[in-house]
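Thanks for sending this one over.

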Amino acid sequence: MASLSLSRHTHLFSSTLPTRPAPRFPGPSKIRMSLRENAPSIAVVGVTGAVGQEFLSVLSDRDFPYRSIKMLASKRSAGRRLTFEDNEYVVEELTPESFDGVDIALFSAGGSISREFGPIAVDRGTVVVDNSSAFRMDEKVPLVIPEVNPEAMQNIKLGMGKGALIANPNCSTIICLVAATPLHRRAKVLRMVVSTYQAASGAGAAAMEELELQTREVLEGKSPTCNIFKQQYAFNLFSHNASVLSNGYNEEEMKMVKETRKIWNDKDVKVTATCIRVPVMRAHAESVNLQFERPLDEDTARDILKNAPGVVVIDDRESNHFPTPLEVSNKDDVAVGRIRRDLSQDGNQGLDIFVCGDQIRKGAALNAIQIAEMLL
């Protein structure tokens, strides 16, 4: 686990939240090696951010093997000290030379940084796993969720003698498709309607801090501080803060539409989304309506999901217990519940499900580390 010595917000990443289950990802067997000479060299770009810190947490939790690790960030953050697996590191300023001798670079520093430095890293022989939207829709760049479409990156391995780019999908897309894909494989989804309820973490550590600050301010009768968002976030919800496009959808919603089609390799699947920001700290929730080509009853769907990688089913109607953001915070698996037949469709041609997943973890850092594991 990493800790930034200069950070005032380590409680946002603390172990006081629910403990994590053992990962259920069916990829490479868990490698208990960590620091060793014959392992790849790693760089973490954007290491001081929320996802950058989670990269380190997941690397440690999964005993990812590495012979060296570089902590990279902006000039503003350079010089900070952090401790990772009992070793102290100094955060370095990101430069083109940062990637000399680096095998795998994990990027989460925003699209502009990825567009500038991603190709530079690739030219120096580094395999880049990028968490931004910069390359997701590039036809030459695989967009990967390991439980869903690992074959998309089957031609990329370490030791090829050249670098490569791999894109991490949008957090809402990852959480949705981990749950929807097992059902899609059985019955083929023709149309998917998604409503998201997205946590502060999706807008970064500063947004998480502002939600906490606003909550205190409102309870004390003060006017809330609105630096990250243009309106009160605490005790409120609003349409996702992404830019609204000419078609009336915002960018977050269109990411789900386009990325689903690319990941499923299905240009004909119909997807529509409404994305909402809610005052939750770090886990997204999604209501998903699925229309199928072939019939699929709810009992069969429940059995499929119980055996799906990266999924845990929480679907107790008797006690009215279903997935919540708190239950999945700091957890690897995506939780699925409210599994029921869509009564608006004939027969068993449609289902409704409710999905929750940790936005920082499976929605970003864990997915990227799983991709890196497939490179080994």
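**Notes on the model**

1. Let me start with a pocket. Met137, Glu139, Arg261, Lys262, Asn265, Asp266 and Lys267 line the second largest pocket. By type, that lining splits into five charged residues, one polar and one nonpolar. The space inside the second largest pocket comes to about 250 Å³. Do keep in mind that this is a predicted model.

2. On to the overall fold. You'll find eight helices and 16 strands in the chain. Its C-alpha trace spans about 60 × 55 × 40 Å along the principal axes. The radius of gyration is 20 Å, which agrees with a compact globule, because one of 376 residues would come out near 21 Å.

3. How about contacts and burial? Of the contacts between residues at least 6 apart in sequence, 71% join residues at least 24 apart. Buried residues account for 53% of the 376 in the chain.

4. Is Ile369 buried or exposed? It counts as buried, because its relative accessibility is 0% and the cut-off for buried is under 20%.

5. Which residues does Ile369 touch, leaving out those up to four places away in sequence? They are Phe55, Val58, Leu59, Arg62, Phe64 and Leu106. Gly221, on the other hand, is 148 residues from Ile369 along the chain, and their C-alpha atoms are 43 Å apart.

Conventions
Residues are numbered from 1 along each chain as its sequence is written. This is a predicted model: local features need pLDDT of at least 70, side-chain atom pairs count only at pLDDT 80 or more; totals for chains, interfaces and linings use all residues. Side-chain values use heavy atoms; hydrogens and water are left out. On a 1 Å grid over the protein atoms alone, a cavity is a set of points where a 1.4 Å probe fits but cannot get out, and a pocket is an open set with protein on both sides within 12 Å along at least five of seven lines; lining residues have an atom within 4 Å of a point. Grid points are joined across faces, edges and corners, and a volume is the space filled by probe spheres set on the points. Ala, Val, Leu, Ile, Met, Phe, Trp, Tyr, Cys and Pro count as nonpolar, Asp, Glu, Lys and Arg as charged, and the others, Gly among them, as polar. Helices (H or I, at least four residues) and strands (E, at least two) are DSSP runs, numbered from the N terminus. The radius of gyration is taken over C-alpha atoms; the globule rule is 2.2 Å times the number of residues to the power 0.38. Buried means under 20% relative accessible area, exposed over 50%, partly exposed in between (1.4 Å probe, protein chains only). Contact means heavy atoms within 4.5 Å.
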